[in-house]
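Please take a moment with the sequence and the model before reading on. The paragraphs below go from the whole chain to its parts.

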Amino acid sequence: MGVLPAVLSALLAAALLSSGAGKLVSPHGLAEALGELTGARRPPPVALVRAVAAAEIALAVLAVFGQEHLLTLLLAALLGTGFAVVGVLGRLRASSLPCGCFGRSGSRSFGAWNVLAGAAILAWALVPALRETAYDQAVLLLALNTALFVPVWANRRHLIVFVRGTMARERTET
């Protein structure tokens, strides 16, 4: 018992780690998309996007280690609601810019995927059975491996470029 909640929490943590790290590295796409969404002349400051990214990373850690803490549930409810609201507004206002939700620009604008992500986070926060904390060590290790493997796999293209660049620099320095 407890395997499914552990894996769901790990997948939530993995998605939030990927999203938060991407926004920390490349916040401009989301800032521009939010500017279009709100109709502002200038996009919101990059510091705001990075604050959201920090909140996502904090929730990722709390989703694995502090699931029943009030701060965890409050942060999950706020982020989930925020994602869903942005998705609904994106659909209503026919958002056209790529959302930059994972830092790099893609082809999707704000819309249904944001609503689904927000609903999933809200469900995790509001339904205790989705985040049960009575794990044995094997289940916790599975969850932590999932939380680390998913972002690495999702960003493997960028990691390969980084590793190749590092190896090339090391060859030229010797």
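How many disulfides does the structure hold? In this predicted model, the structure holds 1 disulfide, and the two cysteines that form it are C99 and C101, whose sulfur atoms are 2.4 Å apart. Since a pair of cysteine sulfur atoms has to be within 2.5 Å to be called a disulfide, the distance of 2.4 Å between the sulfur atoms of C99 and C101 can be read against that cut-off. In general terms, a disulfide is a covalent bond between the sulfur atoms of two cysteines. Are these cysteines buried or exposed? C99 has a relative accessibility of 10% and so counts as buried, and C101, with a relative accessible area of 15%, is buried too; the limit that decides this is a relative accessible area under 20%.

Of the 174 residues in the protein chain, 37% are buried. When the contacts between residues at least 6 apart in sequence are considered, 72% of them join residues that are at least 24 apart.

The crossing of α1 and α3 is left-handed. On the side of α1, the residues that make the contact include L12, A13, L16, L17 and L24, while those of α3 include V49, A53, I57, L59 and V64. By class, the residues of this contact of α1 with α3 divide into 14 nonpolar, 3 polar and 3 charged.

Helix α2, made of residues 28-38, has as its buried residues G29, L30, A31, A33, L34, G35 and L37. Among the elements that cover these buried residues of α2 are α1, α3 and α4. After α2 comes G39, and the phi of G39 is positive, near 80 degrees.

The next pair is α4 with helix α5, the latter spanning residues 112-126. The axes of α4 and α5 come within 7 Å and cross at roughly 160 degrees, and therefore α4 is roughly antiparallel to α5. Here α4 passes α5 in a left-handed crossing. Among the residues of α4 that meet α5 are T72, L73, A76, G80, F83 and V88, and among their partners in α5 are V115, G118, I121, L122 and W124. The contact of α4 with α5 has 12 nonpolar, 6 polar and 1 charged residues.

Where is T72 found, and which residues does T72 touch? T72 is found in helix α4, which runs over residues 70-92, and T72 is buried, its relative accessible area being 0%. Leaving aside residues up to four places away in sequence, T72 touches L59, L62, A63, G66, Q67 and W124. Of these, L59 and A63 also belong to the residues of α3 that make the contact with α1, and W124 is one of the residues of α5 that α4 meets.

Notes
Residues are numbered from 1 along each chain as its sequence is written. This is a predicted model: local features need pLDDT of at least 70, side-chain atom pairs count only at pLDDT 80 or more; totals for chains, interfaces and linings use all residues. Side-chain values use heavy atoms; hydrogens and water are left out. Buried means under 20% relative accessible area, exposed over 50%, partly exposed in between (1.4 Å probe, protein chains only). A crossing is left-handed if the near helix is turned anticlockwise from the far one by less than a right angle, and right-handed if clockwise. Helices (H or I, at least four residues) and strands (E, at least two) are DSSP runs, numbered from the N terminus. Contact means heavy atoms within 4.5 Å. Ala, Val, Leu, Ile, Met, Phe, Trp, Tyr, Cys and Pro count as nonpolar, Asp, Glu, Lys and Arg as charged, and the others, Gly among them, as polar. Axes are lines fitted to C-alpha atoms, for helices over the stretch in contact, and angles run from 0 to 180 degrees between N-to-C directions. Angles under 35 degrees count as roughly parallel, over 145 as roughly antiparallel, 65 to 115 as roughly perpendicular and the rest as oblique.
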